[in-house]
Amino acid sequence: MTKLKGALIGCGFFAINQMHAWKDVKGADIVAICDRDPERLKIVGDQFGIERRYSDAAALFTDGGFDFVDIATTVQSHRALVEMAAAHKVPAICQKPFAKTLSDAKAMVRTCENADIPLMVHENFRWQTPIQAVKAVLESGAIGEPFWGRFSFRSGFDVFSGQPYLAEGERFIIEDLGIHTLDIARFILGDVATLTARTKRVNPKIKGEDVATILLDHQNGATSIVDVSYATKLGMEPFPETLIEIDGTQGTIRLSQGYRLEVAGPNGMTVSDASPQLLSWASRPWHNIQESVLAIQQHWTDRLSSGGETSTSGADNLKTFALVEAAYESAADGRTVDIGAMLR
């Protein structure tokens, strides 16, 4: 089978994981890279043996010779790059957060639909092994119908040392981390009808919020809490684990620290290990996230080859992006936000 050829735009902090993962993906290769910083372009190009290197995205698209583009830049450039891909009829993966605003995200989805090209958001957290394990248990019917959940990511890990720009934005934890946790809540318990949020800034050295608590009313009647924090000092640091509690009509699911998966149902309790694989290029504690990067990129490759829609398509991600915007609106004025109204 002929391999798909891809181009990567953006050679920053997280793109290294994507490049490593592309090496492991079956059915695709990266043949060109692009970055405005010549030093980063050289580092990534030399490390991964990529000869075609560009400092200008327009020149990259003009030369072509690839089947898809992986946009791994910061959010300010996403709309322009996605629209450039659509103009050249090139299927696109876009890093999260998808866009600066929900209206931009909607426009990007429309542009790709009009160009008849696939668009996927690199929302990799739902592809983590422990998250997939929770989803599989729930779908098996082992705990009946879910009616309550909690999705928790609380840590004191210093994320600013590797990504100092995170300390400079007026928005921080909901946009950077909460977006993943909200997507997991949607993935596990379904779409959301209304949302209420509260935020706080504990760290005086940053501009944005570093704690958020979000109440979700799901369309199926379930209620869940998404709580995220980078100001929580624990005896045993859980970074970067998302802990999950699900209550159902016939039992419960608990994903606890150390990837312990506990399922209590009508026939008793089972305990299993939902640990991610430690890939050859991965490192602890990041291996959970790194493995999910490989999983989502393999999913993209498989779906692009078969013509199927991706799990985190642009259209699907609008529903997660709306939760992020709603959380900021709710935190600002204290009201409960109707998600359906935001998506119309």
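Which residue in S2 is the bridge partner of Leu4? Select Leu4 and Ala28 together: Ala28 is that partner. Before going further, note that this is a predicted model, where local features need pLDDT of at least 70, side-chain atom pairs count only at pLDDT 80 or more, and totals for chains, interfaces and linings use all residues. Residues are numbered from 1 along each chain as its sequence is written, and side-chain values use heavy atoms, with hydrogens and water left out.

**Stop 1: the sheet**

Display the strands next. Helices (H or I, at least four residues) and strands (E, at least two) are DSSP runs, numbered from the N terminus. You will find 6 strands in an open sheet with parallel pairing, in the order S3-S2-S1-S4-S5-S6. Two strands pair if DSSP finds at least two bridges between them. At the edges sit strand S3 (52-54) and strand S6 (119-122), each pairing on one side only. From one strand to the next, the twist averages 25 degrees; angles run from 0 to 180 degrees between N-to-C directions, and axes are lines fitted to C-alpha atoms, for helices over the stretch in contact.

Now colour strand S2 (residues 28-34), which runs parallel to S3 and is joined to it by 3 bridges. Click Cys34 and look across to S3, where Tyr54 stands opposite. On S1, turn to the parallel pairing with S2, made through 6 bridges. S2 is largely enclosed by the rest of the structure, because 5 of its 7 residues are buried (buried means under 20% relative accessible area, exposed over 50%, partly exposed in between, with a 1.4 Å probe and protein chains only).

Move on to S4 and S5, a parallel pair with 3 bridges. Ile71 has Cys94 of S5 as its bridge partner. Show the side chains of S5: Ala92 and Cys94 point one way, Ile93 and Gln95 point the other way, and all are buried.

**Stop 2: helix H1**

Select residues 15-24. How many of the 10 residues of H1 are buried? The count is 7, so H1 is largely enclosed by the rest of the structure. Highlight Ala15, Asn17, Gln18, Met19, His20, Ala21 and Trp22 to see the buried residues of H1.

**Stop 3: H6 against H7**

Select helix H6 (residues 129-139) and helix H7 (residues 173-189): their axes are 9 Å apart, and they pack at an angle of about 25 degrees. That makes H6 roughly parallel to H7 (angles under 35 degrees count as roughly parallel, over 145 as roughly antiparallel, 65 to 115 as roughly perpendicular and the rest as oblique). For the contact (heavy atoms within 4.5 Å), show Ile131, Gln132, Val134, Lys135 and Leu138 of H6 with Ile184, Phe187, Ile188 and Leu189 of H7.

**Stop 4**

**Last stop: Ala332**

Follow helix H9 (residues 314-333) to Ala332. Is Ala332 buried or exposed? Ala332 is exposed, with a relative accessible area of 69%.
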